[in-house]
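I set out to read one chain from its overall outline down to single residues. These are my notes, in the order in which I looked things up.

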Amino acid sequence: MDLHEEGCCSGFHHGRRAMLKSTLGLVALGAMGVTPLLLPGFAEAAALTKAQRDAMTPDQVIALLKQGNERFRAGKLDTHDYLAQKRASAAGQYPAAVILSCIDSRAPAEIICDTGIGDTFNARVAGNIANDDLLGSMEFACAVAGAKLVLVMGHTACGAIKGAIDGAKLGNLTGLLDKIKPAVEATRFDGERSSKNDAFVDAVAATNVRHTIDEIRRRSDVLAGLEKDGKIKIVGSMYQLVGGKLEFYA
Ligand SMILES: [Zn+2]
């Protein structure tokens, strides 16, 4: 794919393009078959531009997040100049994706996918469930702000999943865990159906991601319509705490 045919960097002359160092923007260049014009160790950075983001397809955004996760796993993260990204994005943001993930301190989506300021919207709630407010947030991200991907990210050894399996009750947490319980019941599993069984916990987490995606499609006409029109994709994933791989379900 030719970058210029896509209009990805229209408005940028050669030298300016050489200065682009946004994580997603940079990888986008590579994904589009264009070698990024970067000097090693060059510290300048910029957030995603509207032109760059709009030129991406949902599948390209998925590919960029996968590549970011590969960098994370390899310990070869991009150099993020957060101050430059902050300056570049202050007047406007053009994130490529909205990620719905768990609050777990070990599963920070931006780090796992090696993204920077302005690259992704991030919604976090225990057990990565969808409720009206989260649906509204994701509708804003895609229908108003132009994100191309809804990524639901579960993770292994999830405490919220364990709590739902155990029927834990605590204040407002009880109602949240009730939203995960259908995934517990729907999970087919040969073996001990207990929060002590890591394999069962992870099987429920996978079911829960799929349930959340079903909920998004069923309860959000806005997002379901965008997906039907091919403007966005709604995709699940599972983050492995051991090893750091983000496995995509698409
Ligand atoms: Zn969790």
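**Entry 1. His 155**

I began with His 155, which counts as buried, with 25 C-beta neighbours inside 10 Å. The model is a predicted one, and I kept this in mind throughout. I located His 155 in strand β3, residues 149-155. Leaving out residues up to four places away in sequence, I listed what His 155 touches: Cys 102, Asp 104, Ala 107, Ala 205, Met 238, Tyr 239 and Leu 241.

**Entry 2. The annotated site**

I then consulted the UniProt record. Its unreviewed entry has a "binding site" annotation that covers Cys 102, Asp 104, His 155 and Cys 158.

I looked up Asp 104 next. I found Asp 104 in the loop between β1 (97-101) and α7 (109-112). Is Asp 104 buried or exposed? I noted 20 other C-beta atoms within 10 Å of Asp 104; a residue is buried at 20 or more, so Asp 104 is buried. Beyond residues up to four places away in sequence, Asp 104 touches His 155, Cys 158 and Gly 159.

I returned to β3 to examine the whole strand. Seven of its seven residues are buried, so β3 is largely enclosed by the rest of the structure. In a regular strand the side chains alternate between the two faces of the sheet. I checked the directions in β3: Leu 149, Leu 151, Met 153 and His 155 point one way, and Val 150, Val 152 and Gly 154 point the other way.

Which strands pair with β3? I recorded β1, which pairs with β3 in the parallel sense over five bridges. In this pairing Ser 101 stands opposite Met 153. I also recorded β4 (residues 233-239), which runs parallel to β3 and is joined to β3 by seven bridges. There, Val 152 stands opposite Gly 236.

**Entry 3. Strand β4 and Met 238**

I followed the sheet into β4. Six of the seven residues of β4 are buried, so this strand too is largely enclosed by the rest of the structure. Met 238 lies in β4, and it counts as buried with 20 C-beta neighbours inside 10 Å. Apart from neighbours within four places in sequence, Met 238 is in contact with Gly 154, His 155, Thr 156, Ala 205, Ala 206, Val 209 and Glu 247.

How does β4 run relative to β5 (residues 246-248), parallel or antiparallel? I found the two antiparallel, joined by three bridges. Glu 247 is the bridge partner of Met 238 in β5. β4 and β5 form a hairpin with six residues between them, and Gly 243 in the turn has a positive phi of about 100 degrees.

**Entry 4. The nonpolar core**

I looked for the largest nonpolar core and found 60 residues in it; Val 98, Leu 149 and Val 150 touch the most other members. Helix α12 (residues 198-219) supplies the largest share of this core, eight residues. I listed the contacts of Val 150, setting aside its neighbours within four places in sequence: Val 98, Met 138, Cys 142, Ile 216, Leu 223, Ile 232 and Ile 234.

**Entry 5. Helix α5**

α5 (residues 58-74) has 17 residues and reaches 25 Å from its first C-alpha to its last, close to the 24 Å expected. Its buried residues include Val 61, Ile 62, Leu 64 and Leu 65. An α-helix has 3.6 residues a turn, so residues three or four places apart point the same way. After α5 comes Gly 75, with a positive phi near 70 degrees.

**Entry 6. The chain and its confidence**

I closed with the chain as a whole. I noted 13 helices and five strands, and 44% of the 250 residues count as buried. The mean pLDDT is 86, and 82% of the residues reach 70 or more. I marked residues 1-21, where pLDDT stays under 50, and residues 32-44, where it is also below 50. Where pLDDT is low, the predicted coordinates should not be read in detail.

How values were computed
Residues numbered from 1 in each chain as written. Predicted model: local features only at pLDDT ≥ 70, side-chain atom pairs only at ≥ 80, totals over all residues. Helix = DSSP H or I, 4+ residues; strand = E, 2+ residues; numbered from the N terminus. Expected span 1.5 Å × (residues − 1). Buried ≥ 20, exposed ≤ 12 C-beta atoms within 10 Å, placed from the backbone. UniProt positions renumbered as here; feature names shortened; annotations may be inferred. Contact = placed C-beta atoms within 7 Å. Core = buried A, V, L, I, M, F, W, Y, C linked by C-beta atoms within 7 Å. Pairing = 2+ DSSP bridges. pLDDT = per-residue confidence, 0-100.
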